[in-house]
Amino acid sequence: PGAPRINPSILSADFVNMQADLERIATADFVHVDVMDNHFVPNLTFGPQMVQRIQETSPVPLDVHLMITDANRWAPGYAELGAASVTFHLEASHDPVALARRLRGIGARAGVAIKPGTPADALYEHLHEFDQILVMTVEPGFGGQSFMPEMMPKLRALAEEARRVGAPVWFQVDGGISESTIAQAAEAGADTFVAGSAVFGAADIDVAIADLRALAAE
Ligand code: DX5
Ligand code: ZN
C-alpha cells in the first residue's frame with residue numbers, strides 16, 4: 001500500500017474565510033467537502049455553487065462527501081464540476097452500481113459511504129464497481145463527535161474481501177479521526193483518513209497533517 005491519505009474536512013473550516021482555510025491545507029492529499037441537505041442528515045452546509053468555487057480555489061483535489069437524499073439525481077453534477085471523487089450514501093441511492101458507473105463515466109472516482117448502522121453486505125458483490133468505500137465512524141451530520149471503534153470489524157472484513165478479490169478500492173474512515181484513533185483505523189484496513197477538528201483545531205496544521213500521516217503509516 002502507498003502512503004496513507006489525509007483529507008481534512010472543511011466542515012471544521014471558517015466558512016467566511018474558506019479561501020484562506022483551503023490554502024492552509026495545501027499539504028493534504030484531498031480536501032474533504034461535506035455536502036448536507038438537512039434531510040438525509042439533520043444539518044445543512046452548501047450545494048454545488050459553493051463546491052464549484054472550492055473546486056476553482058483549492059490547491060488540492062476535491063473529495064466530495066454527499067450526505068443528501070436522492071443521490072442518483074444530484075451526485076453526477078458534483079462529478080461534472082470537476083471533483084476528483086464523489087461519495088454518495090448507500091442509504092440514499094436506489095441504484096448504487098448504476099450511479100457509480102455514471103460517476104466513473106464522467107471522470108470522477110466513485111465512492112460509496114455507509115452509516116454506522118448499515119451493514120456492508122450489499123457491497124461485497126460489487127467491490128469492483130467502486131473506487132473508494134467510506135465506513136462512517138460517527139453518525140453523519142456533525143464534526144467533533146467521538147470515534148466509534150465498534151466500526152472496525154466492518155471495515156476490516158470489507159478490506160480483507162477487497163484484497164481477496166483483487167479490487168483496488170480505497171478504504172476511507174470519517175468521524176473522530178485524531179492522533180489517538182487513526183492508528184486503529186489504519187490497522188483495520190483504512191488508507192484514507194478524513195479529519196475535521198483534528199486538523200483545523202491544531203496549532204500548526206502542517207504538523208498535524210504530517211503527524212496523522214506518520215501515525216497511520218506505522
Ligand atoms: C460528519 C462529516 C465529517 C466531519 C468529521 O458527518 O462527514 O467529515 O467533518 O469531523 P471530525 O473529524 O471533527 O469528526
Ligand atoms: Zn464527511
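Student: Which residues are the closest to ligand 1, and how many surround it?

Tutor: One begins by listing the residues around the molecule. In this predicted model, ligand 1 is surrounded by 22 residues, and the closest are Ser9, Leu11, Gly143, Gly196 and Ser197.

Student: What classes of residue make up the shell around ligand 1?

Tutor: The shell holds 12 polar, 8 nonpolar and 2 charged residues.

Student: Where does UniProt place the feature "binding site"?

Tutor: An unreviewed UniProt entry puts this feature at His32, Asp34, His65 and Asp174. These residues span 143 residues in sequence, yet no two of their C-alpha atoms are more than 10.7 Å apart, so they gather at one spot.

Student: Is His32 buried or exposed?

Tutor: One counts neighbouring C-beta atoms; 20 or more within 10 Å make a residue buried. His32 has 29 others within 10 Å, and is therefore buried. His32 lies in strand β2 (residues 31–36). Apart from residues up to four places away in sequence, His32 touches Asn7, Pro8, Ser9, Ile10, Asp63, His65 and Val194.

Student: In which strand is Asp174, and what does this residue contact?

Tutor: Asp174 belongs to strand β7 (residues 170–174). With 26 other C-beta atoms within 10 Å, Asp174 is buried. Beyond its neighbours within four places in sequence, Asp174 contacts His65, Leu134, Met136, Thr137 and Val194.

Terms used. Residues are numbered from 1 along each chain as its sequence is written. Chains are lettered from A and ligands numbered from 1 in the order in which they are written. This is a predicted model: local features need pLDDT of at least 70, side-chain atom pairs count only at pLDDT 80 or more; totals for chains, interfaces and linings use all residues. UniProt positions are given in the numbering used here, feature names are shortened, and annotations may be inferred rather than shown by experiment. Helices (H or I, at least four residues) and strands (E, at least two) are DSSP runs, numbered from the N terminus. A residue is buried if 20 or more other C-beta atoms lie within 10 Å of its own, exposed if 12 or fewer, and partly exposed in between; C-beta atoms are placed from the backbone. Two residues are in contact if their C-beta atoms, placed from the backbone, lie within 7 Å. A residue is near a molecule or strand if its C-beta atom, placed from the backbone, lies within 6 Å of it. Ala, Val, Leu, Ile, Met, Phe, Trp, Tyr, Cys and Pro count as nonpolar, Asp, Glu, Lys and Arg as charged, and the others, Gly among them, as polar.
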